[in-house]
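Good morning, and thank you for the time. I would like to take you through the strands and the aromatic contacts of one structure; please look at the sequence and the coordinates first.

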Amino acid sequence: MARPEQVLVLEPQHELRFRGEAGAKADPGPFTDVVTATLKLTNPTDRSVCFKVKTTAPRRYCVRPNSGVIDSGSSINVSVMLQPFDYDPNEKSKHKFMVQSLLAPYDMADMEGVWKEAKPEELMDSKLRCTFEMPLENDKTHESESTKTVSSFVKTEHSALPKSTSSSLDDGEVKKIMEECKRLQMEVQRLREENKQIREDDGLRRRKVISGSAAHSTTITATRDEGLSTRVLALCVLLFVIGVLIGKLAM
């Protein structure tokens, strides 16, 4: 007996794309950090639906949540996190994901029990393949320019400090500086993650516009400008914090 068609709506439907980040000189690989793709599951039915997300490479991915119940008319975002690995552009990805689902019983008390008691003809599934993409050239250029700007700013401010100030720093002040530098590094990492999410959202909107109508091109441009403005504002805040820190040391 043939299985019923999948009632959940998947976005994307057939493919999960993982785009690597531009690496530094000491860290040249595009997949040396966790890369996240988002899978949206929507339940358009009038019944609650149980779901599970499975993969052929469980050690390479972290999925959150990997199972649950989607109420009628609701949606849920599943984060698929690709773990760092040595990327070989000549090797094709054979990784696949499967979204398995079934209609939840009206008197459901234990979800695991529902899966154990489910009959094969009640199960629905959808399969997605995985693709790895190299970072775009303009992303590399933008990140390189941002790094150069911060480095140049720090070097300029440091050279402006009097020698007596640098030599008079005690261990406590050095410790504070190290802690502040660590916090700034974490802030830069957070800004990179936001930048990456903005690029992924922008790419998703582009694909939607291409498959739908060209009338939404103005919206894409506005979104791109908004993402760029956010990154510029965040960079300005970071430079201001570094300036305040160096100003305190100079006093």
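Predicted model: local features only at pLDDT ≥ 70, side-chain atom pairs only at ≥ 80, totals over all residues.

Residues are numbered from 1 along each chain as its sequence is written, and side-chain values use heavy atoms, with hydrogens and water left out.

Strands here are DSSP runs of E with at least two residues, numbered from the N terminus, and two of them pair if DSSP finds at least two bridges between them. Strand β4, residues 49-55, pairs with β6 in the antiparallel sense over four bridges. Val-69 in β6 is the bridge partner of Cys-50.

In strand β6, residues 67-70, Gly-68 and Ile-70 make up the covered face, and Ser-67 and Val-69 the uncovered one. In a regular strand the side chains alternate between the two faces of the sheet.

Where does β6 belong? The order β2-β9-β8-β4-β6 describes an open sheet of five strands with mixed pairing. Its edge strands are β2 (15-19) and β6, each pairing on one side only. Neighbouring strands of this sheet are turned by 25 degrees against each other on average, direction ignored; the axes are lines fitted to C-alpha atoms, with angles from 0 to 180 degrees between N-to-C directions.

Next, strand β7, residues 75-82. Eight bridges join β7 to strand β3 (residues 35-42), and the two run antiparallel; Leu-39 stands opposite Val-78. Four bridges link β7 to β5, again antiparallel, with Ser-79 as the bridge partner of Arg-64.

I turn to the rings. The whole structure holds six aromatic pairs, where ring centres of Phe, Tyr or Trp (its six-membered ring) lie within 6.5 Å, and planes under 30 degrees apart count as stacked, over 60 as edge-to-face and the rest as tilted. Tyr-61 and Phe-97 are edge-to-face, at 4.9 Å centre to centre and 80 degrees between the planes. Tyr-61 lies in β5 and Phe-97 in β8, so this pair ties together parts that are 36 residues apart in sequence. Phe-18, Phe-31, Tyr-61, Phe-85, Phe-97 and Phe-132 form one aromatic cluster.

Finally, the charged end of Arg-60 sits over the ring of Phe-85, 4.4 Å from its centre, the criterion being CZ of Arg or NZ of Lys within 6 Å of the ring centre and within 35 degrees of the ring normal.

Methods. Buried < 20%, exposed > 50% of the residue type's maximum accessible area, 1.4 Å probe, protein only.
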